[in-house]
Amino acid sequence: MNDMILEMLSRILIPATQLFGAYILFHGHLSPGGGFSGGTIIGASFILYSLVYRFTAQKHRLKHETSLWLEVGGVLVYVMAGLVGIVFGRHFLTNQGVFPTGEPGRLWSSGMILLVTLGIGAKVAGTVLKLFQELLEGGAEPDGHH
Amino acid sequence: MTLMVLLGIGVLLVLMVAEMPLYGDVTAPAHQGVMQKYLRDSARDTGAINTIAAIIIDYRAYDTLGEATVLFVAVIAVTAAFYGGYEHE
């Protein structure tokens with residue numbers, strides 16, 4: 001059974017939530033916010049999606065692999081951004097002199113900070129979604145047994 | 001005897017609190033060191049006008065990497081708790 005009011009509301013709420021989360025992520029170096037808060041907002045929109053559509057559409061669109069790859073990919077982006085510093089002969093996680101820091105105040109500035117913020121955002125969104133899926137379908141095998 | 005010792009410790013702690021600088025006092029010793037450098041140089045060093053982002057992702061990026069790893073380990077632990085142990089049944 002699908003609830004029409006919930007579905008209609010979620011069609012407005014989910015894109016608005018994701019847009020706001022993306023705004024918080026991309027302006028992490030300009031305004032209050034950053035990877036953890038933006039990622040949580042985007043993860044909350046994923047949770048709203050799975051709650052409204054009663055996990056039927058989630059089987060196709062928000063698989064367990066998706067959240068796992070978000071989770072692992074976020075950490076990988078962070079570590080890779082740190083290793084770039086070593087490649088250029090600097091310390092691990094060096095920003096100044098390795099990444100183009102740009103003009104302070106512009107959207108495309110601050111070099112590694114923007115990249116790492118996006119990585120943390122993907123990672124936290126994956127964490128929220130993954131914990132939700134695991135706690136909800138706890139103990140279920142990936143192929144549906146048990 | 002124990003009560004006396006505890007009371008003594010309590011009086012000492014209250015005296016120490018009375019000696020602490022006021023909340024938000026800009027002349028406090030804790031605000032004279034690295035905080036001045038962060039506020040003065042963060043925009044030039046990192047290109048980010050949000051000083052907090054400059055601190056947590058540039059100056060203390062290693063700390064934040066550990067923070068992200070804590071979340072990662074938590075998720076791995078939850079997943080392992082739900083999926084693990086079936087072969088023993």
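Leu62(A) is found in the loop that runs between H3 and H4 of chain A, where helices (H or I, at least four residues) and strands (E, at least two) are DSSP runs, numbered from the N terminus. The model is a predicted one, in which local features need pLDDT of at least 70, side-chain atom pairs count only at pLDDT 80 or more, and totals for chains, interfaces and linings use all residues. Residues are numbered from 1 along each chain as its sequence is written, while chains are lettered from A and ligands numbered from 1 in the order in which they are written.

Leu62(A) counts as partly exposed, because it has 19 C-beta neighbours inside 10 Å; a residue is buried if 20 or more other C-beta atoms lie within 10 Å of its own, exposed if 12 or fewer, and partly exposed in between, with C-beta atoms placed from the backbone. Beyond its neighbours within four places in sequence, Leu62(A) is in contact with Phe46(A), Tyr49(A), Ser50(A) and Leu129(A), contact being defined as C-beta atoms, placed from the backbone, within 7 Å. Phe46(A) is 16 residues from Leu62(A) in sequence, and their C-alpha atoms are 8.0 Å apart.

As for confidence, pLDDT is the predictor's own estimate for each residue, from 0 to 100. Chain A has an average pLDDT of 84, and 88% of the residues score at least 70.

Attention now turns to H5 of chain A. Its end C-alpha atoms are 36 Å apart, in agreement with the 36 Å that 25 residues should span at 1.5 Å a residue; the expected span is 1.5 Å times one less than the number of residues. Of the 25 residues of H5(A), 20 are buried, so this helix is largely enclosed by the rest of the structure.

The contact between the chains takes 31 residues from chain A and 21 residues from chain B. On the side of chain A that touches chain B, helix H4 (64-87) and helix H5 (112-136) of chain A are the elements that give two or more residues, and H5(A) gives the most, with 10 residues.

The loop between H4 and H5 of chain A holds Leu93(A) and Ser110(A). Most residues other than glycine have a negative phi. Leu93(A), however, has a positive phi of about 65°, and Ser110(A) one of about 70°. Leu93(A) counts as buried, because it has 24 C-beta neighbours inside 10 Å, and Ser110(A) is buried with 34 other C-beta atoms within 10 Å. Phe88(A) is in this loop too, but counts as exposed, with 12 C-beta neighbours inside 10 Å. Val98(A) is 10 residues from Phe88(A) along the chain, and their C-alpha atoms are separated by 6.9 Å.

Key. Two residues are in contact if their C-beta atoms, placed from the backbone, lie within 7 Å.
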